[in-house]
Amino acid sequence: MLLAVPASAATPTPGAPGAGDPYYPTYGDGGYRVTHYDLRLKYQPATDQLEGTATLLTTATQDLSSFDLDLALKVSQVLVNGHPAKVAVTGVQKIQVTPDKPLADGSRNTVVVRYSGVPSTISTYGFDAWQRTPDGAVIADEPEAAWWWFPSNDHPSDKATYDVSVLVPDGTQAISNGVLSSQSSQLGWTRYNWRQDKPQATYLATLAIGKFDITTGTSPSGIPVLNAYSPDLGDNGDAARASVERTGEIVDWLSGYFGPYPFGTAGGYVPNVPTHYALETQTRPFYSPRQFANGANPSVVVHELAHQWYGDDVSLERWSDIWLNEGFATYAQWLWSDYQDEGTAQQLADYVYSSHPAGDPFWNVKPGDPGAANQFDDAVYDRGALAIQVLRNTIGDDAFFKLLKAWPAEHRYGNGTIPEFQALAERISGKKLGDLFQAWLYTAGKPALPTAAKARLATNAATLEPSSWQQIKAAQQH
């Protein structure tokens, strides 16, 4: 006698080998979500040896026969709900995990991964995001960084909270996101326990190990601030401090435009690395010392702290939405320029429009969908901020500044897309904005003079470079 199979029963299948992002089709997995990462690490600076045990709290989004983790280090064991699972390397950063029994759609599961390696020897797709320093290492990169130090579902649409516990030799410090909840030493080793209790995208998780001068305090409104500096920054050290030590002041200033600061702590760190870029790692932005080679640059601090609202609090739903990060962080610099009497946002917009002639390749990049190869092109920042000034001129200051606060408020700790932002702008302003977004974000080529004139841009001649321009551009170095 055969028993009928209920129509609702589904045959378990593997999670999709990617989160569905066309820019990075192999990143992440489509079959589960992560709610929390607990990372317990041991690091030896002398050898760059990293050992880790990661515990992931996950929820299946389908009946799963197997799922992928993004990790480039060597895995020694995976447990799913306490039972050993089969592990196979299926790509340059892909580990396929097959549990001893399928995971039901909607089920909550615990995944434990034990792994180790020398991160600086790992190259994926031709690059290594793990940076050695004279006394340790740093990981801060975009769009990928997690593979070098913990297993993850590596896509910003899957955000989670974090506990990061790092064991290092006495005399060495470990810095990560959020709050240092405890620190203890025993038998020549010191353990640092960091907690990020608000959802965080994987690429925004950071780790810095070495020797640092640490300053602590609060913003004028009372937000705790922790900054850290390698003691061997040379000629750039004082300029770095003169910039990053303004974090508390700038956080409170930005709150006036974007609404309450979304996290419980703020800060930044400047390690001894040769790179040129900064990154908005959540609550504790990373700054390369070369950002300050020409002196103090609070504008770059404005850029990275603006991301705490636009990029960290409200994160990308897909990487093509990068304008929501970089356009608004750049526009915050334009507002800061105005505040410092170094050029108004309108003057900066006029300068960007007039300084790039119609045949300039600058206009070929569409900020609303630049493509993976152009995701961090200057046009995403500058043309992106220009589009925001056009939006401001079109809907008026009252609606515009209401919009700047409404976006983080309505999508707090979540994700968003450009179409959702356009819909919010239309709802607040009462205006149809499809033509504006199409012309300034989605169309290759310089918008013609009539379009620019309608947007209230200066079109008659080249304008002078605002005095803030060089500091603004320094924030865009990669």
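## A buried lysine

Lys159 is buried, at a relative accessible area of 10%. Here, buried means under 20% relative accessible area, exposed means over 50%, and partly exposed is in between (1.4 Å probe, protein chains only). The model is predicted, so local features need pLDDT of at least 70 and side-chain atom pairs count only at pLDDT 80 or more, while totals for chains, interfaces and linings use all residues. Residues are numbered from 1 along each chain as its sequence is written, and side-chain values use heavy atoms, with hydrogens and water left out.

Lys159 sits in the loop between E11 and E12. Helices (H or I, at least four residues) and strands (E, at least two) are DSSP runs, numbered from the N terminus. Which residues does Lys159 touch, not counting residues up to four places away in sequence? The list is Val34, Pro199, Gln200, Ala201, Asp312, Asp313, Ser315, Tyr413, Gly414 and Asn415. Contact means heavy atoms within 4.5 Å. Lys159 and Pro262 are 103 residues apart in sequence, and their C-alpha atoms are 15 Å apart in space.

Asp313 lies in the loop between helix H3 (298-306) and strand E22 (315-316). Its relative accessibility is 0%, so Asp313 counts as buried. Leaving out residues up to four places away in sequence, Asp313 touches Lys159, Pro262, Phe263, His307, Gln308, Pro408, His411, Arg412, Tyr413 and Gly414.

Gly416 belongs to strand E23 (residues 415-416). Gly416 also counts as buried, because its relative accessibility is 0%. With residues up to four places away not counted, Gly416 touches Val314, Ser315, Leu316, Glu317, Asp321, Leu324, Trp407 and His411. Gly416 and Ala306 are 110 residues apart along the chain, and 16 Å separates their C-alpha atoms.

## The chain as a whole

How many helices and strands does the protein chain have? There are 11 helices and 23 strands. The radius of gyration is 23 Å, close to the 23 Å that the globule rule gives for 478 residues, so the chain is as compact as a globular protein of that length. The radius is taken over C-alpha atoms, and the globule rule is 2.2 Å times the number of residues to the power 0.38. Along the principal axes, the C-alpha atoms fill a box of roughly 80 × 65 × 40 Å.

Buried residues account for 58% of the 478 residues. Take the contacts between residues at least 6 apart in sequence: 71% of them join residues at least 24 apart. The accessible surface is about 18400 Å², and 52% of it belongs to carbon and sulfur atoms. Accessible areas come from the Shrake-Rupley method with a 1.4 Å probe; for residues, only the protein chains shown count as cover.

Helix H4 (residues 323-339) and helix H5 (residues 345-355) have axes that come within 8 Å and cross at roughly 125 degrees. Axes are lines fitted to C-alpha atoms, for helices over the stretch in contact, and angles run from 0 to 180 degrees between N-to-C directions. H4 and H5 are therefore oblique to each other. Angles under 35 degrees count as roughly parallel, over 145 as roughly antiparallel, 65 to 115 as roughly perpendicular, and the rest as oblique.

Which residues of H4 and H5 meet? Tyr331, Trp334, Ser337 and Asp338 in H4 meet Ala345, Leu348, Ala349 and Val352 in H5. The residues of this contact divide into 6 nonpolar, 1 polar and 1 charged. Ala, Val, Leu, Ile, Met, Phe, Trp, Tyr, Cys and Pro count as nonpolar; Asp, Glu, Lys and Arg count as charged; the others, Gly among them, count as polar.

## Backbone exceptions

Most residues other than glycine have a negative phi, and most peptide bonds are trans. Tyr125 is not a glycine, yet its phi is positive, about 50 degrees. Tyr125 is in the loop between strand E9 (108-117) and strand E10 (130-133). At 47% relative accessibility, Tyr125 counts as partly exposed.

Thr283 has a positive phi too, near 70 degrees. Its loop runs between strand E20 (278-279) and strand E21 (286-287). Is Thr283 buried or exposed? At 1% relative accessibility, Thr283 counts as buried. Glu142 and Pro143 are joined by a cis peptide bond, with omega about 10 degrees. Pro143 is in the loop between strand E11 (136-139) and strand E12 (160-169).
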